[in-house]
Amino acid sequence: MVTMAFRVQGMSCQGCAQSVVRRLQSTAGVQSAEVDLASATANVSFDENVTNADSLEKVIESLGFDVLYGKA
């Protein structure tokens, strides 16, 4: 299991943050996902044998947000 932090640009409300959490948690290989709206950070624990950081960035970007970097 790997845990990574993603900086997510464009989230302006708790609804945005919850959308990111829901989408990440429904992604195969993701064990947990939490978003801190104040710091615009999504912390994701995932099985690197099932998914990877690039795929998770694409999941976040598919919601209309920008990922500033993949690792924190």
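Thr51 is buried, with a relative accessible area of 7%; buried here means under 20% relative accessible area, exposed means over 50%, and partly exposed lies in between (1.4 Å probe, protein chains only). This is a predicted model, in which local features need pLDDT of at least 70 and side-chain atom pairs count only at pLDDT 80 or more, while totals for chains, interfaces and linings use all residues. Residues are numbered from 1 along each chain as its sequence is written, and side-chain values use heavy atoms, with hydrogens and water left out.

Let's stay with Thr51 for a moment. Its place is the loop between strand S3 (41–46) and helix H2 (53–61). Helices (H or I, at least four residues) and strands (E, at least two) are DSSP runs, numbered from the N terminus. Beyond its neighbours within four places in sequence, Thr51 is in contact with Ala28, Gly29, Phe46 and Leu56, where contact means heavy atoms within 4.5 Å.

Now for the chain as a whole. There are 2 helices and 4 strands, and from the N terminus on they follow the order β-α-β-β-α-β. The radius of gyration is 11 Å, close to the 11 Å that the globule rule gives for 72 residues, so the chain is as compact as a globular protein of that length. That radius is taken over C-alpha atoms, and the rule is 2.2 Å times the number of residues to the power 0.38. Along the principal axes, the C-alpha atoms fill a box of roughly 30 × 20 × 20 Å. Of the 72 residues in the chain, 42% are buried. Among contacts with a separation of 6 or more, 61% are between residues 24 or more positions apart.

Here is how some individual residues compare with those cut-offs.

| Residue | Relative accessibility | Class |
|---|---|---|
| Gln9 | 44% | partly exposed |
| Cys13 | 35% | partly exposed |
| Cys16 | 16% | buried |
| Ala40 | 18% | buried |
| Asp54 | 51% | exposed |

Gln9 belongs to strand S1 (residues 2–9). Setting aside neighbours within four places in sequence, Gln9 is in contact with Phe65, Asp66 and Leu68. Asp54, in helix H2, has a C-alpha atom 20 Å from that of Asp36, 18 residues apart along the chain.

A disulfide is a covalent bond between the sulfur atoms of two cysteines. Counting a disulfide as a pair of cysteine sulfur atoms within 2.5 Å, the count comes to 0 disulfides. Cys13 is in no disulfide, and its nearest cysteine sulfur, that of Cys16, is 3.5 Å away. For Cys16, the 3.5 Å to the sulfur of Cys13 is too far for a bond.

Most residues other than glycine have a negative phi. Ala40, though not a glycine, has a positive phi of about 55°. Ala40 is found in the loop between strand S2 (30–36) and S3.

Finally, the surface and the charges. The accessible surface of the chain comes to about 4100 Å², and 43% of this belongs to carbon and sulfur atoms; the areas come from the Shrake-Rupley method with a 1.4 Å probe, and for residues only the protein chains shown count as cover. The mean positions of the 5 positive and 8 negative charges are 4 Å apart. Lys and Arg count as positive and Asp and Glu as negative, with His and the chain ends not counted; each charge is placed at NZ of Lys, CZ of Arg, CG of Asp or CD of Glu.
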